[in-house]
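Take a look at the fold below. We will walk through a few of its parts in turn.

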Amino acid sequence: MPLNPPRQCPARGPLPPPLLPLLCFCLSLLLMIWATVGTLIHGNSIARGQPQIAALDIALLFVGALCSVLIALAGWVLRKQQTETWLRAEHEAQLAHLAGHDALTGLPNRLLLRDRLGHDISHAQRESRQLAVMFIDLDRFKTINDSLGHAVGDELLRVAARRLRATLRSCDTLARIGGDEFVVVVEDVDGPEAAALVTRKLLDALLQPMPVLGREFVLTASIGISLYPHDGLDVDQLLMAADTAMYTVKASGRDGYRFYEPSMHARALTQLERERDLRRALELGEFELHYQPQVDLGSGRLSGLEALLRWRHPQRGLVPPDSFIPLAEETGLIVPIGAWVICHACTQLAAWRAAGLAPPRVAVNLSARQFVRPQLVSEILDAVGRAGLDVSMLELEITESALMHDVESAIRQMNELHDAGLRLAIDDFGTGYSSLAYLQRFPVGLLKIDRTFIADMTTNHANAAIARTVVQLAQNLGLQVLAEGVEERAQVQMLRALGCHFAQGWLFARALEPAAVEQLLRAERSGKRLLTPATAALGSSAEHPILISGLCA
Ligand SMILES: Nc1nc2c(ncn2[C@@H]2O[C@H](COP(=O)(O)O[C@H]3[C@@H](O)[C@H](n4cnc5c(=O)[nH]c(N)nc54)O[C@@H]3COP(=O)(O)O)[C@@H](O)[C@H]2O)c(=O)[nH]1
């Protein structure tokens with residue numbers, strides 16, 4: 001089936017057969033034959049001594065030859081004109097096609113979609129029928145495009161377009177209206193059930209593995225659906241309703257579909273406002289970094305600091321990252337925000353050193369979208385260089401799930417970072433289903449056991465077993481291991497018995513403001529061992545670290 005089946009007969013056809021020029025050619029041929037025959041007759045007339053007839057023959061011969069040349073010339077001119085007219089029409093048709101179609105996939109573009117949807121609405125109105133508009137956004141396509149390059153991204157879009165097109169009837173419209181955004185218009189649907197059925201087929205079509213340039217991909221998508229006349233009466237209303245519904249699917253975890261509901265509109269507006277707020281926060285410098293201490297379980301000394309982002313909102317106060325990082329990821333703002341985090345952590349480290357303190361290594365979290373950028377290594381080296389630091393002062397935490405998205409590319413990127421001298425840690429280890437074979441190939445120095453396994457490890461045998469296995473695994477692979485979310489002394493004792501190297505958690509300290517870290521560093525310098533009360537408020541520096549001896553003997 002063609003990718004974009006025409007809904008009407010094509011306006012142009014092949015170059016018409018050259019009937020008139022052919023006629024001219026035949027005529028001139030006949031005249032030539034006549035002239036040749038005339039030459040023979042002329043020869044005979046002279047031979048028979050009939051000079052008058054011979055003069056007439058010569059005149060006729062001359063007229064015949066002249067006519068044949070003129071007619072052949074006319075035929076040639078006619079054909080030339082015909083070809084030029086045809087080429088012009090062909091060129092105009094091509095331009096008209098280009099204006100209404102997407103060059104990459106050959107599908108109708110936004111312009112043609114609007115035109116067709118307008119016609120479909122008029123038709124549905126006349127026939128008192130319903131129609132469905134589906135707004136499709138491929139999930140995490142930008143990550144694939146950024147990490148694997150545009151050639152892979154383009155080919156993947158072409159394959160996805162073919163898959164979607166093959167799922168639809170020829171009278172349905174499939175348009176590509178943006179990078180990874182497609183719109184489907186299904187005429188004459190009987191209601192939501194029928195629209196849902198088509199949508200599920202579209203999602204299934206994308207789920208089948210797609211071989212692209214030597215790799216295999218499985219795509220998921222977020223699809224919003226609006227119905228005529230229920231959700232809108234014109235092109236704009238229907239497209240906006242489907243877009244809003246799609247946005248809701250994205251916000252609630254992607255990979256699925258939703259029908260438009262009027263309440264979504266208000267939510268979408270709120271979301272837009274939050275996005276604007278987030279952009280403004282970056283411009284106005286409303287972000288700050290707090291630092292959570294990491295403790296060496298052997299010596300009880302401070303071994304590292306994890307930089308954790310906070311948003312000091314003018315109205316909402318201190319906003320924790322869980323309430324804005326997902327939006328930052330979705331909108332791509334995580335890239336400039338993440339770059340700010342790296343620069344700011346470096347500047348802070350340099351400031352502590354300039355104050356005569358000896359800060360330990362600082363770990364920063366990298367989002368999946370930051371991690372796949374080819375410029376990452378040079379940007380980090382720039383930031384470290386500008387702050388006059390040694391690159392080994394920085395550790396990068398990457399979640400296990402971000403690494404598993406495309407393992408081979410992840411290994412390449414990790415090798416580059418590692419070769420540049422950066423230490424790498426796998427965050428939330430145990431939640432991302434890494435294969436052990438891969439783990440061996442990751443040039444990481446540290447595994448961070450996810451806090452869900454630590455939370456009840458003293459009472460839950462399964463979680464205790466997981467923690468024990470991860471510690472042993474790390475030891476066998478020559479890696480260091482850190483337990484996240486340590487809140488109880490009993491956990492510390494158990495972790496130390498297992499041989500876990502480091503721990504981090506509210507038992508020791510919450511994420512501290514830089515001033516509180518400074519105090520901590522001064523205390524460290526005097527050789528004290530540190531734990532803090534578990535009651536400190538988020539980011540509060542009001543409660544200072546206190547010293548508890550005996551736990552980390
Ligand atoms: N891409 C980036 N992600 C970031 C950045 N800064 C933070 N984050 C991620 O946001 C998530 C939530 O972080 P936060 O609210 O700061 O929570 C951290 C700790 O406060 C919390 N924690 C630490 N100890 C305990 C504990 O004992 N109990 C408990 N319930 N929570 C505890 O864990 C979070 C740190 O987790 P992790 O990063 O996995 O080590 C979080 O996913 C951050 O990664 C950023 O700059 N960029």
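Helices (H or I, at least four residues) and strands (E, at least two) are DSSP runs, numbered from the N terminus. This is a predicted model: local features need pLDDT of at least 70, side-chain atom pairs count only at pLDDT 80 or more, and totals for chains, interfaces and linings use all residues. Residues are numbered from 1 along each chain as its sequence is written, and side-chain values use heavy atoms, with hydrogens and water left out.

Start with Glu275. Glu275 sits in helix 8 (residues 262–284). Leaving aside neighbours within four places in sequence, Glu275 is in contact (heavy atoms within 4.5 Å) with Tyr247, Leu327, Thr331 and Leu333.

Now move to helix 19, residues 514–525. Its buried residues are Ala516, Val517, Leu520, Leu521, Ala523 and Glu524. Gly527 follows helix 19, and its phi is positive, near 85°.

Four residues of the shell around the ligand come from strand 9, the largest share. An oxygen atom of the ligand is 2.9 Å from an N or O atom in the side chain of Glu306. For the side chain of Lys448, the distance from a ligand oxygen to an N or O atom is 3.3 Å.

Note on methods:
The expected span of a helix is 1.5 Å times one less than its number of residues. Buried means under 20% relative accessible area, exposed over 50%, partly exposed in between (1.4 Å probe, protein chains only). A polar contact is a pair of N or O atoms within 3.5 Å; within protein, one must be able to donate a hydrogen and the other to accept it, and residues adjacent in sequence count only if both atoms are side-chain atoms.
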